[in-house]
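I opened the notebook to look up how this chain is built. My plan is to go from the whole chain to single residues.

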Amino acid sequence: MKEENKRRGGKGGRNPKIDPSIHRHVFRLTEKENAKLLSLYESSGMHNKAKFIISLLFGKEVKTVRIDKGTVDFYMRLTTLHSQFRSVGVNYNQVVKLLYRNFSEKKAAAYLYKLEKQTAEFAALCQKIILIVQEFEEKHFKNDKLI
């Protein structure tokens, strides 16, 4: 048993890298240069500043991600509105079933007439929302291409 422990000896830890980064370079920046570097770094979305600088130095492609808070907020509200539309549609179906099940035909027809008026207003509102979304897309996504 002691011989097995001796053979394992220094096998602990992680595997060594094939090409470790052992060379270090230091450079100094002015306040303006540092602010510009930091803004480029933040817009790139990379999590390691050293790798970001290396990619800049050696001409590797740097991807920048621009997050517009207004667009994100608009998208979140539109998503919420869409879920509310779906729930209204489900409720609409349930109301129609309940009307025919629990009321006479005459009374159910009267209630359905009122429901149809509300549905027409709802459809007009939906069309307005679609127009607003199209206008928003034209303004904010005319130069951006989604992949």
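**Entry 1: the whole chain**

I began with the terms: helices (H or I, at least four residues) and strands (E, at least two) are DSSP runs, numbered from the N terminus. With that, I found 5 helices and 0 strands in the protein chain. From the N terminus on, the order reads α-α-α-α-α.

I noted where all this comes from. The model is predicted, so I kept to its limits: local features need pLDDT of at least 70, side-chain atom pairs count only at pLDDT 80 or more, and totals for chains, interfaces and linings use all residues. Residues are numbered from 1 along each chain as its sequence is written, and side-chain values use heavy atoms, with hydrogens and water left out.

Next I looked up burial. Buried means under 20% relative accessible area, exposed means over 50%, and partly exposed is in between (1.4 Å probe, protein chains only). Of the 147 residues, 10% count as buried. The chain exposes about 14,400 Å². Carbon and sulfur atoms supply 57% of that area.

Then I turned to contacts (heavy atoms within 4.5 Å). I took those with a separation of 6 or more, and residues 24 or more positions apart account for 30% of them.

How many residues does helix α5 have? It has 36, running over residues 105-140. I compared its reach with the expected span, which is 1.5 Å times one less than the number of residues. From first C-alpha to last, α5 reaches 51 Å, close to the 52 Å expected. I did the same for α4: its 34 residues should span 50 Å, and its end C-alpha atoms are 49 Å apart, which agrees.

Which residues of α5 are buried? I listed Ala108, Leu112, Ile129, Val133 and Phe136. What covers them includes α4 (69-102). In α4, the buried residues are Thr71, Phe85 and Leu99. Their cover includes α5.

I picked out Phe136, which lies in helix α5. Phe136 counts as buried because its relative accessible area is 15%. Phe136 and Thr71 are 65 residues apart in sequence, yet 9.1 Å apart in space, C-alpha to C-alpha.

**Entry 2: α2 and α3**

I reminded myself that two packed helices are described by the angle between their axes and the distance between the axes. Axes are lines fitted to C-alpha atoms, for helices over the stretch in contact, and angles run from 0 to 180 degrees between N-to-C directions. The axes of α2 and helix α3 (residues 49-57) come within 11 Å and cross at roughly 100 degrees. So α2 is roughly perpendicular to α3. I wrote down the classes: under 35 degrees is roughly parallel, over 145 roughly antiparallel, 65 to 115 roughly perpendicular, and the rest oblique.

Which residues meet here? From α2 I noted Leu37, Leu38, Leu40, Tyr41 and Ser44; from α3, Lys49, Phe52, Ile53 and Leu56.

**Entry 3: two serines**

I found Ser44 in helix α2 (residues 31-44). Ser44 is buried, because its relative accessible area is 6%. A polar atom of its side chain lies 2.7 Å from the backbone oxygen of Tyr41.

Ser55 sits in helix α3. Ser55 is buried too, with a relative accessible area of 6%. Here a side-chain polar atom of Ser55 lies 2.6 Å from the backbone oxygen of Phe52.

**Entry 4: two loop residues**

I placed Leu29 in the loop between α1 (2-8) and α2. Is Leu29 buried, exposed or partly exposed? Leu29 counts as partly exposed, because its relative accessibility is 38%. Leaving out residues up to four places away in sequence, Leu29 touches Asn34 and Leu37.

Arg66 is in the loop between α3 and α4. Arg66 is exposed, with a relative accessible area of 67%. I checked Arg66 against Ser43, 23 residues apart along the chain, and their C-alpha atoms are separated by 6.4 Å.

Note on methods
A polar contact is a pair of N or O atoms within 3.5 Å; within protein, one must be able to donate a hydrogen and the other to accept it, and residues adjacent in sequence count only if both atoms are side-chain atoms. Accessible areas come from the Shrake-Rupley method with a 1.4 Å probe; for residues, only the protein chains shown count as cover.
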